[in-house]
Amino acid sequence: MSMMMMPGMLAGAVPFAARGDFWGALWEKFGVFAIGLVAFIAVVGLVLFLADRAPKRGRDFLQLLAFVAPAMILLAVGLIYPAVRTTYLAFTNRTGEFIGIDNFVWMFTQPDIVTTLGNTLLWVALVPTISTVVGLAYAVFIDKSRGEKVLKSLVFMPMAISFVGAGIIWRFVYEYRATGFEQIGLLNQVLVWLGLEPQQFLINSPWNNLFLIIVMVWIQTGFAMVLLSAAIKGVPIERLEAARLDGANAWQQFTNVTIPEIRGSLVVVVTTITIATLKVFDIVRTMTGGNFDTSVIANEMYTQAFNRGEFGQGSALALVLFIMVLPIVIYNVRVMRKQKEIR
Amino acid sequence: MSGVAATAGVAKPNPEGNGPKLKRVKQRLTSRGATAAAILIAVVWTIPTFGLFVNSFRPADDIRTSGWWNIFVNPQFSLENYGDVLFSGGASSANLGSYFINSIVVAIPSALFPIVLASMAAYAFAWIKFPGSNAVFVLVFALQIVPLQMALIPLLQIFSQVLGISGTFPAVWIAHTIFGLPLCIFLLHNFISEIPADVIEAARVDGANHTQMFFRIILPLSVPALASIGIFQFLWVWNDLLVALVFSGGTVDVAPLTQRLAELVGNFGRNTQLLPAGAFLALIVPLIVFFSLQRYFVRGLLAGSTKG
């Protein structure tokens, strides 16, 4: 692709930004931006133009190639080859020698990494369940109430912002000052108001894991709520009516009619959140950096590979992550497909 | 007349004497416990963001020494933090103005490139018959399940050793394009394959070839899908930290806001007063998109929730 040729032009001179020249850097960056866009459009345009003017013989094939090849080449070079290579690297050490399953032995014997795996399981056990239960309860509570839209936006909003942003927001909620000093974190201030000792929420293990998990729950609940709210609205009123006439109270209507009706959506919500949770990286990275026994697989993979240069161990962790995600994704896709067929 | 009587008769068991629907609404509105719980959840969910927002407008010393709720006792506002994080130069300053620009320069092409390439591929999979078409499409579909982590190390090696572009904008664009493609192709294929065959046939009879078909029929009809998926991909890139950390080189030349903020949080004690305004700068773009394009946003988000 043409975008790959540009860095050659960029290299060489000391970048403006590094010299602290904001406006010079701005010009330079938008130059790169414009060149990148123009180059991309030119290449794609040229490919399609040539396909348009292709000789009659083999025109169909050339046109097909023009449409499919760019994406396929990128995927082959940037995703398929790397995934295969990562699988191989998982069985090598930092100098690239083949060492069999040593990396996996390391993973399950090194106390730090065992903690990391355990933390990941804790995340997977708690985030999907709590998010789904709270999201479902909220969806039911606000169903058909006044201001439903606003109430929905408030809980869904965290879904729009970055995990880094969420990390900063909650860093302030959890911030700790020693007893006797004025607290600047809301949670510790509440403890003080209640006459309790302020706590180092992000440092005291193993509880600090729970406080990181709360951040993920805060984000994912909105997702669960929006999907389940749509599902609840699809429950036929006649069925609820019938149950009511049979003498079912609100709770019985909910468990006997609503829950079975929205089962498919529930499965999609739980599996989707599970996948996101398995891959969680940014929250741990921003809030504790994986210190104080809070690391999870995705964070440890980054630390091993890119901070310590242990590509073999990093790859092994990536592979374990992949193997954990795989069955859930497959199940999720099957349920989604079934739902589509029903509709 | 008898009809009305009959209806009234059915409605009789209902103590208020209203129709069943009205009764249902009433029942919900009167369940005070549920309403109270909902409001409690809404408040708890909103307070952390609200607190950060308030904090970002307080004087730097206040942020360091007291909680944001003190604003109600001692209202003092200042825009200084925003000026500080955006414009003050020097090596130790937050310099977020430059990083904000980087985020824009990273995110727009990273959203545009995959959408364009994916719409072309999706058209081919949907409407050009070729042997193995289905098998290749299933392969692309299957690629969605490969976590980013599986590709990072070798891709970085390709960028740094083969192409020599590690730590430049094009490296980040290409990485995001590659990681975005499987989902974009899949979603756009769903949409483009639903275009009625009559429309495609009519154009073909008129002598349109694939290129003309793509520009005159497929693209114009796919605008809603392109918008939803484009917005999702844009926000995904804007909010991303992992790809940025690995491929941007981490310098003020290329790295986006998320990376700089993650760096600043790393030294929370020193940067306490910068973080609220800094974080809000990063949040403002997704929030604008969220509140102004909520319909597209929700659609794109739900469709793409398994990405990454």
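**Ground rules.** I note that this is a predicted model, in which local features need pLDDT of at least 70, side-chain atom pairs count only at pLDDT 80 or more, and totals for chains, interfaces and linings use all residues. Residues are numbered from 1 along each chain as its sequence is written, while chains are lettered from A and ligands numbered from 1 in the order in which they are written. For the helix labels I keep to DSSP runs numbered from the N terminus, with helices being H or I of at least four residues and strands E of at least two.

**Chain A overall.** I counted 15 helices and 0 strands in chain A. The radius of gyration of chain A, 26 Å, is well over the 20 Å that the globule rule gives for 343 residues, so chain A is more spread out than a compact globule; the radius is taken over C-alpha atoms, and the rule is 2.2 Å times the number of residues to the power 0.38. Along the principal axes, the C-alpha atoms of chain A fill a box of roughly 75 × 60 × 55 Å. Of its 343 residues, 42% count as buried, a term that asks for 20 or more other C-beta atoms within 10 Å of the residue's own, with exposed meaning 12 or fewer, partly exposed lying in between, and C-beta atoms placed from the backbone. I also looked up contacts, for which the C-beta atoms of two residues, placed from the backbone, must lie within 7 Å; among those in chain A with a separation of 6 or more, 65% come from residues 24 or more positions apart.

**Loops of chain A.** I then went through some loop residues of chain A. Lys144(A), in the loop between helix H5 (111-142) and helix H6 (148-156) of chain A, has a positive phi of about 65° although it is not a glycine. Lys144(A) is exposed, with 11 other C-beta atoms within 10 Å. Asp293(A), which sits in the loop between helix H13 (282-287) and H14 of chain A, is also a residue other than glycine with a positive phi, near 60°. Asp293(A) is partly exposed, as 18 other C-beta atoms lie within 10 Å. Arg308(A) occupies the loop between helix H14 (297-307) and helix H15 (311-342) of chain A, and with 12 other C-beta atoms within 10 Å it is exposed. From Arg308(A) to Lys279(A), 29 residues away along the chain, the C-alpha separation is 20 Å.

**Chain B overall.** For chain B I found 17 helices and 0 strands, and buried residues make up 47% of its 308 residues. Among contacts in chain B between residues at least 6 apart in sequence, 72% join residues at least 24 apart. I checked Pro170(B), which is placed in helix H9 (residues 169-192) of chain B and is buried, with 26 other C-beta atoms within 10 Å.

**A helix pair in chain B.** Helix H14 (residues 257-266) and helix H16 (residues 275-292) of chain B pack at an angle of about 160°, their axes 10 Å apart; axes are lines fitted to C-alpha atoms, for helices over the stretch in contact, and angles run from 0 to 180 degrees between N-to-C directions. H14(B) and H16(B) are therefore roughly antiparallel to each other, since angles over 145 degrees count as such, those under 35 as roughly parallel, 65 to 115 as roughly perpendicular and the rest as oblique. Among the residues making this contact are Leu261(B) and Leu264(B) of H14(B) and Ala279(B) and Leu281(B) of H16(B).

**Between the chains.** Which helix of chain B gives the most to the side that touches chain A? In all, 90 residues of chain B are in contact with 95 residues of chain A, and helix H6 (residues 96-127) of chain B gives the most to that side of chain B, with 14 residues. The axes of helix H2 (residues 22-52) of chain A and H6(B) come within 10 Å and cross at roughly 5°, and H2(A) and H6(B) are therefore roughly parallel to each other. Where they meet, I noted Phe33(A) and Phe40(A) in H2(A), and Val105(B) and Phe113(B) in H6(B), among others.
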